[in-house]
Amino acid sequence: MGCCGSNENQELLCYCFNITKKSFIDALNEGTSKVIKDFVVHQTKKNLCNCEELNPSKQCCLKEFKKLEKSI
């Protein structure tokens with residue numbers, strides 16, 4: 001998830017929680033993606049995200065998680 005390292009050259013999937021597309025794809029391949037997605041869903045349900053301000057699309061990223069899941 002990138003909390004401690006630099007993600008300068010990695011495309012973000014979730015801007016609120018600094019989750020890169022690469023980290024989620026890696027998790028999909030390892031069978032651990034549910035943990036990441038469940039975290040984002042839980043935070044979103046608690047209104048702890050700020051998509052309108054942080055995401056350039058101004059939209060929630062959860063649909064992007066689904067797109068990646070279908071593409072793998």
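Where does Asn18 lie relative to β1 (12–14) and β2 (19–20)? The first close-up below takes up this residue, and the other views follow.

All views show a predicted model, in which local features need pLDDT of at least 70, side-chain atom pairs count only at pLDDT 80 or more, and totals for chains, interfaces and linings use all residues. Residues are numbered from 1 along each chain as its sequence is written, and side-chain values use heavy atoms, with hydrogens and water left out.

**View A. Asn18 and Lys58 are non-glycine residues with positive phi.** Asn18 sits in the loop between β1 (12–14) and β2 (19–20), where strands are DSSP runs of E with at least two residues and helices are runs of H or I with at least four, numbered from the N terminus. Its phi is about 55°, and Asn18 is partly exposed at 26% relative accessible area; buried means under 20%, exposed over 50%, and partly exposed in between, with a 1.4 Å probe and protein chains only. Lys58, with a phi of about 65°, is placed in the loop between α3 (51–54) and α4 (62–71) and is partly exposed at 47% relative accessibility.

**View B. Val41 of helix α2 and Leu62.** Val41 belongs to helix α2, which spans residues 33–45, and counts as partly exposed because its relative accessibility is 24%. The C-alpha atoms of Val41 and Leu62 are 7.6 Å apart, although 21 residues separate the two along the chain.

**View C. The largest pocket and its lining.** The pocket is an open set of points on a 1 Å grid over the protein atoms alone, with protein on both sides within 12 Å along at least five of seven lines, and lining residues have an atom within 4 Å of a point. Its volume is about 150 Å³, taken as the space filled by probe spheres set on the points, which are joined across faces, edges and corners. Of the 13 lining residues, Leu13, Tyr15, Asn55, Ser57 and Glu64 lie nearest the centre, while β1 and α4 each supply at least two residues of the lining.

**View D. Cysteines in a structure with 0 disulfides.** A disulfide is counted where a pair of cysteine sulfur atoms lies within 2.5 Å. The sulfur of Cys60 has its closest cysteine sulfur in Cys51, at 4.5 Å, and is therefore too far away for a bond. For Cys61 the closest cysteine sulfur is that of Cys14, at 3.7 Å, which is also too far for a bond. Cys60 is partly exposed at 31% relative accessibility, whereas Cys61 is buried at 4%.

How values were computed. 1 Å grid on protein atoms, 1.4 Å probe; cavity = no way out; pocket = protein on both sides within 12 Å on 5 of 7 lines; lining within 4 Å.
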